[in-house]
Amino acid sequence: MTTPLRYDPSACDKYIELSAWTGLEPAIEAARAEVLADVALLEAGGRVPPHRQPLDAGFIRLPERLLAREEGDLLGRLEASAARLRERIDRLVVLGIGGSSMGLRALFQALCDPYHNERSRAERQGMPRLYFEGNNLDDDCAASLRSLLTGPDRSPANAADRWGIVVISKSGGTLETAVAFRVFRQALEQFYGANSEEARQLVIPITGERGKLRDLARKLGYPEVFPIPEGVGGRFSVLTAVGLYPAAVLGIDIRALLQGASDMTHRFRSAPLGENPVLDYVATCHLLERDRGLSIRVLSTWGNRLEAFGWWYDQLLAESLGKEERGPTPLTIVNTRDLHSRGQQHQEGKRDRLITNIVVDPPPPGEVEVPLVPPEEDLDGLNRLSRRDYPGLLAAAIAGTNQAYADADRPTADIVLPRLDAYALGELFQMLMLATAVEGRLIGINPYGQPGVEAYKQNMGRILFPSP
């Protein structure tokens, strides 16, 4: 039986009045019911009232729908196509911005070798190297990647030089991704031949059922195009083809990812406050913000593997709840690294933040130990730690830091993963997406849509394409 993740806010108990916790229960139950009603409304195909638009709650049931083949055999088609692409290329370029790339970046960093791109193909077990573009407008990075892929010593005849594109945009109208796709599509066509089968087969668009990218994919004759479902917004799309397809190309177990998410949704639906990771997380964060003014939410990851997950969550929380001059401010830190930069501020600065640790417990066995040296070389005194591994040292750092925060009356909570694998990542993604939706309904803010982002896009368009 798979051990589920758990949320432990017990270190916050002294900062939350019991009466406040029990008093919140009716409102948080109502918020849960509202989120589930959103799902029912979407699936019934009913008219969405204007005050509830946009309504992007389709992510909630999607993992179980994919596993149960309620979407046809989309999951099987994703896996089969990913396997074919993996065999044909050694470099994968993913073009996308925001939710179209950040979820995959989180999966890649958490579940693949930290030096994946530096390994030989055999060491990568046949998985391609991975590169991101279309997520910014950085000339140096775009030019360097193009040169890497198409330099004069590169040839399609050399298996190590072969590359392909996954381009991700629901509408196809996001300028950064659209420009990058034109640039790298041209480079791909020059590399393989503009009218070659490879120039078509090695481009995989992932997009909405309607829009500029869908139209372009049809015009150019790309044989495999995967959908981003209606009712799923970009920052909630990691468990659609947006994240699943490139993850499958990299050999990540996407069925385990979906199973973790599906199991988390079941817990969300059925468990009461006090036994429900989603509701308990929302209640803790909300009460500490409402009653203690803790409007900064620090996601504290321990080790480098979950830093990109933190970036993903930063976007999810900021764009979903940062509206109407309200909403918490998210901040990701990586410890122990950032204890030597922001640690002072978190412990001795303004009392405006809740620190949530993501930890793996029990930690996996370590491969790196502190070496024993001759006594005359033990000038740093580390022989006392000889044979202690990195996970053991990190556990001491986590305990020591939490104790320091407790001594300074700084609230902390823990999200505890029993292991860092695809199943646990699926749980974690779904937990925080559900929590964001619930908190939005709890405080009366639509967690879907992104009016601020749309404003910048419209202004940018007017500057670049002025009316005659």
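Let me start with a term: a residue is buried when its relative accessible area is under 20%, exposed when over 50%, and partly exposed in between, using a 1.4 Å probe and protein chains only. Now, the ground rules. This is a predicted model, where local features need pLDDT of at least 70, side-chain atom pairs count only at pLDDT 80 or more, and totals for chains, interfaces and linings use all residues. Residues are numbered from 1 along each chain as its sequence is written, and side-chain values use heavy atoms, with hydrogens and water left out.

First stop, helix α8, residues 212-220. Helices are DSSP runs of H or I, at least four residues, and strands are runs of E, at least two, numbered from the N terminus. Which residues of α8 are buried? Leu213, Arg214 and Ala217. The face turned away from the buried side carries exposed Lys212, Arg218 and Lys219. The cover over the buried residues includes β4, α6, β5 and β6; contact here means heavy atoms within 4.5 Å. Just after α8, Gly221 takes a positive phi of about 75°.

Next, a helix pair. In α1, Leu24, Ala27, Ile28, Ala31, Glu34, Val35 and Asp38 meet Ala437, Val438, Arg441 and Leu442 in α15.

Last, Asp153. Its place is in the loop between α5 and β4. Asp153 is exposed, with a relative accessible area of 58%. Its C-alpha atom is separated by 45 Å from that of Met433, 280 residues apart along the chain.
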